[in-house]
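Hi everyone, thanks for coming. Today I'd like to walk you through the charged side chains of one structure, so let's bring it up on the screen.

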Protein chains: 4
Amino acid sequence: MVKVGVLGATGMVGQRFIQLLDNHPDFEIAALAASSRSAGKKYEDATTWYLNEEMPESVKDMNVIETDPAKMDKDVEIVFSSLPADFAAKVEPQYAKDFVVASNASAMRMKKDIPLVIPEVNPQFLDMIDAQQKNNNWDGFIVTNPNCSTIALTLTLKPIYDNFNINRIYVSTMQAISGAGYNGVPSMAILDNLVPYIGGEEEKMESETLHLLGSLDGGEVKPANFSLSASCHRVAVIDGHTEAVFVELDDEADIDKIKKTIADFKGLPQELNLHSAPEHPVLIKEEDNRPQPRMDRNAYGGMAATVGRLRKDQAFDNSFKYVLVGHNTIRGAAGASILNAELINKQIL
Amino acid sequence: MVKVGVLGATGMVGQRFIQLLDNHPDFEIAALAASSRSAGKKYEDATTWYLNEEMPESVKDMNVIETDPAKMDKDVEIVFSSLPADFAAKVEPQYAKDFVVASNASAMRMKKDIPLVIPEVNPQFLDMIDAQQKNNNWDGFIVTNPNCSTIALTLTLKPIYDNFNINRIYVSTMQAISGAGYNGVPSMAILDNLVPYIGGEEEKMESETLHLLGSLDGGEVKPANFSLSASCHRVAVIDGHTEAVFVELDDEADIDKIKKTIADFKGLPQELNLHSAPEHPVLIKEEDNRPQPRMDRNAYGGMAATVGRLRKDQAFDNSFKYVLVGHNTIRGAAGASILNAELINKQIL
Amino acid sequence: MVKVGVLGATGMVGQRFIQLLDNHPDFEIAALAASSRSAGKKYEDATTWYLNEEMPESVKDMNVIETDPAKMDKDVEIVFSSLPADFAAKVEPQYAKDFVVASNASAMRMKKDIPLVIPEVNPQFLDMIDAQQKNNNWDGFIVTNPNCSTIALTLTLKPIYDNFNINRIYVSTMQAISGAGYNGVPSMAILDNLVPYIGGEEEKMESETLHLLGSLDGGEVKPANFSLSASCHRVAVIDGHTEAVFVELDDEADIDKIKKTIADFKGLPQELNLHSAPEHPVLIKEEDNRPQPRMDRNAYGGMAATVGRLRKDQAFDNSFKYVLVGHNTIRGAAGASILNAELINKQIL
Amino acid sequence: MVKVGVLGATGMVGQRFIQLLDNHPDFEIAALAASSRSAGKKYEDATTWYLNEEMPESVKDMNVIETDPAKMDKDVEIVFSSLPADFAAKVEPQYAKDFVVASNASAMRMKKDIPLVIPEVNPQFLDMIDAQQKNNNWDGFIVTNPNCSTIALTLTLKPIYDNFNINRIYVSTMQAISGAGYNGVPSMAILDNLVPYIGGEEEKMESETLHLLGSLDGGEVKPANFSLSASCHRVAVIDGHTEAVFVELDDEADIDKIKKTIADFKGLPQELNLHSAPEHPVLIKEEDNRPQPRMDRNAYGGMAATVGRLRKDQAFDNSFKYVLVGHNTIRGAAGASILNAELINKQIL
């Protein structure tokens, strides 16, 4: 068993880490770090537990430690981070001196030498690690996963990108409130309402997606060569981001062929049979009114994206459109970091 | 005072007609028609009133009549219709023999000689009426208004279309539950959820918008010469459709100029000072997180669309994007028919 | 394995039966009956599946049969019913000629010789079965479970009733929308709203609770000798009924003693270790703001009620109050019938 | 015109004050006070406006001042306060040296010499003002209004209390999120959920109601001589508190007589024809499923409570039950203070 730590352990994504790591076959939680306000308390006392699933017994009595690499048990090999971007930028490099940091934070996703990875999409980006360690003189390293709405989108785009020539993409999101953290969206803001703005989200989707589908060229990422425009909105859904996607190809959009390509898609995690890997990264629904976040967010334990309404776009040549749903705090956050760690554990550690 | 009748008077849009016609300076409700189940009852007894506004005193004791032109008082000049499409296709032509029919039904919007009109956008389409009357040998005529999500979109596109060359448009909607009628969306379907499908809606938006922005050429409508693709979704909002719009122009997208063009936009209803005309058909909001349906749907009594987040689209040349909100049962339904009737009353009757 | 059938198999509670019976150690679904509209189709094709959990593979290809005892495979021993009350009153007696009917329908709960049972509360009522079979000349019999809001309440009252003298009870409910069936509550009725009325619910709670806590005297039920008044309301919650309970005892209300009595409470299902029996029928929460339906409805797989805010009532002598949550379609419906069947299977079949 | 100031002007209740005072026939807003963070800014710039109604033009350019009596224009006669309890306890007495303070804060409601008043219920409590001024050597004085859920309840109890002998009352509330302020209830806490706890609310309801229905005896309030127990819960409703009320009388509960008594009830504000006084303080609904917060909260501009389901309580002798809805930020907060001020302006100033 690999000993792991969780940074930001009392927050929403931190709780997901703990829930998903409970009874994990390869990883064992050995350390829970949080702010100094929580440090020194038992996890159970330091935490207002938000998940519908019960808090695992195994963590209730664990002592919360400070977010300080010096306080981290040296037996720990992997540190999962759901720290706020600013703080992550400061402390993740400190942890990387000695630990593998599997980070959900946005701070360093686009940094040189830091792999931004979805295991089904661009596992080869892990090749950056050597340079990262050398350049920084670190024993550990940092691996990041993308933003929640980017992951689900990119999972569905990967088989399309590999088999067709994408010319342009427009995506409009309807995102769940859990993505903003427990106190992020006041109920006064979202009941009988929606909020058509999520700070920084559109920029992340536009840059990260092309980065993930790009290629590694002399240690540098060459982004995919199409363009993507995003409009992001918050709606009254607890978990599960929904995205309406418009795709223009260079050539004819053969709906049956596109569907088959997506349905057949498997990646390295499926090949390696990683613990958290969904049997299929993307499910296809044929019903008119699917996917729906409440019905589809938990597909394969929340680790698969679900695609529906895949149809020809009658308005434009070579075009089609579809709707996708992905679980934002599982596949879109904690589950993404864990899958990255499972791949690293299998191939690198 | 022009005497008017309401068809489908007990339904959701029927109730909006009644609420908006209460204390109207030009129109006086003289007849309320509904299904045979309601006919013969007092309106108050036949109706489960759904609106937050109180049922007007003036209609409570009115006798509901059958949906049959023979039962309609001959003093009535204008008949407002919110009948279901199938039934509308059958009975609206019967009413048109003697009455002006201002219809919110979708049945005949795209039919030859039947004007589909937004008074700020294409009032000149009313010129079809002569041909319609002649061809059918009717004393009355039918005028229709577009689908709820089309109206708000087209109001915002009109000033852009008139002043810039639109190349393509993508629109993704987040539509209110009231658009489906009182029993249209079960609460089990929409709580902590959304439904990414509204039957026929995308087709209506794609065809009606281009029709409305088109030109009248020898009595036939020549649609606008750009393309538009829609993806339509139902969210947990009571009233007010929100739409994310991506626009590509042929030339540079000068955001300031576009904003000014929209903000300055006024049409014939504003010029004629029609009773239901909003001072501005489209409002512009500068706040990052607006428009929101609960905050903006009632702009100018629900008769204006509100545009926000008008911004350059960094992903594509000559492109910009924005978000709009419009009240679906006021400007998008009953209020649209009433504004059509006000224009007809001023210019034709 | 005991072969079982499900009546009303395509409805919301029918789906819960199927989900809970999937992988059941004692029961095997051998027949799915529904209306003639569904009969003859594969279950998967006949059903719009509503649950967040996936439809079990094992039922997808099963042929739906008509709701007619003559069509039921004779190997079936137990028939679970979630039929509407009227129809249940007609056909459940027909099934009882040959089958054990474990019914969630309200039709015959208060009928002479028909046991209304919660296994933790009044398992001795199963003694009525002999008389029922004799009087009707049936080989099978009918056993019923109470209304959803009654079950959770009565589970929490049982230990209090056994250990203290209850004088009076007031209960005010906040009930989930799933209790009304998929189409029962339009979203227009419940968004930014609540409905302070559920037809027949208050009467059921007031009579069934006293009946369940009553004693069997010469084959007749003598209801418990206190009074209970209920006020029932529907709120925007998907699953999980919440109830505010005010209790007046004859003697002093010792909060610690009452809490301990409830926490220690176990019944026959726990003793017999029945498959669906929760380890504790009632959980106690100490946090100020619990129980909450979304957080607590799934306690012990939805089979336990959760009590919180158990506090002295300062306004009245000998009084206390508390709040409870119970899952209305699991412990309050399908799970209740299944637990009844497990008890019958262990003790009678 | 009486010049008035608003303390806490940027908050939710502060915004209601401003909205209700806009175009008021007797009062004119002359000062807006808020925290030092807002002081010095234009009101429009200092405020995130939360109400569906537009911010009145008249306040947009007003300069926000600090919450300091020395900064308040001496022409101001009445100061409306929606300050937090702690801060109110400190600064309201300072304002009372020179100004009339009409306060919605809970800090001093139960204090000796400070009238807690609902004008329809206990206008005679204003007689305490003389003693208050003398004892404190103030030129101004403080008048308070009750907690939001107390006001609606007490309005409905007043005619009952005056005409029947109340023995005991149980009340269970379902309260709107706006009662907790804009950021008070995270959406994660209330979507598909409810929270069965509102800090201090039950205590306020239990004490304030008896206080308001009590009598003034030698300058001291003698509370009403029955008992009341409350259980308070937060539900997913934006505005409008709903309360289920159980009443036991000493004598027979004649439903028709009780209804008539409530329906006929009018108080001093109706007699004096005060601007904000509803024509009837309490409306009676006969429909089974009313009152509902979204449909009934705005009765008489949100200043009336609505009662429905008034029915005999079959479980107990001399008992009846009903459900009420009242607008928590209008009649339950800002409107209550304004009505108090209108009465004071008419009778005292």
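**Charges on the surface and inside**

Let's start in chain A, where Asp251(A) sits in the loop between β11 (241–249) and α9 (255–264). Those labels come from DSSP runs, numbered from the N terminus: helices are H or I with at least four residues, and strands are E with at least two. Please keep in mind that this is a predicted model, where local features need pLDDT of at least 70, side-chain atom pairs count only at pLDDT 80 or more, and totals for chains, interfaces and linings use all residues. Residues are numbered from 1 along each chain as its sequence is written, chains are lettered from A and ligands numbered from 1 in the order in which they are written, and side-chain values use heavy atoms, leaving out hydrogens and water.

Asp251(A) is partly exposed because its relative accessibility is 44%; buried means under 20% relative accessible area, exposed over 50%, and partly exposed in between, with a 1.4 Å probe and protein chains only. Together with Asp250(A), Glu252(A), Asp254(A) and Asp256(A), Asp251(A) forms a patch of negative charge on the surface. Such a patch takes residues with over 30% relative accessible area and no salt bridge, joining like charges within 9 Å.

Now for the pairs. Side chains of opposite charge can pair when their charged atoms come close. How many salt bridges are there over all chains? The count comes to 76, taking a salt bridge as a side-chain nitrogen of Lys or Arg within 4 Å of a carboxyl oxygen of Asp or Glu.

In chain C, Glu57(C) and Lys60(C) form one, at 2.9 Å from N to O. Both belong to helix α3 (residues 57–60), 3 residues apart, or about one turn of the helix. Glu57(C) is exposed at 60% relative accessibility, while Lys60(C) is buried at 17%.

Over in chain D, Arg331(D) and Glu120(D) make a salt bridge whose closest N and O atoms are 2.4 Å apart. Arg331(D) is in helix α12 (residues 330–347) and Glu120(D) in the loop between β5 (100–103) and α5 (128–136), so this pair ties together parts 211 residues apart in sequence. Are these two buried or exposed? Arg331(D) is buried, at 4% relative accessible area, and Glu120(D) is buried too, at 3%.

Last stop: Arg168(A), Glu248(A), Arg168(B) and Glu248(B) are linked in a network of salt bridges.

Notes: Patch = residues over 30% accessible without salt bridge, like charges linked within 9 Å, V, L, I, M, F, W, Y side chains within 5 Å. Areas by Shrake-Rupley, 256 points an atom, 1.4 Å probe, with all protein chains shown as cover. Lys, Arg positive; Asp, Glu negative; His and termini not counted. Charge placed at Lys NZ, Arg CZ, Asp CG, Glu CD.
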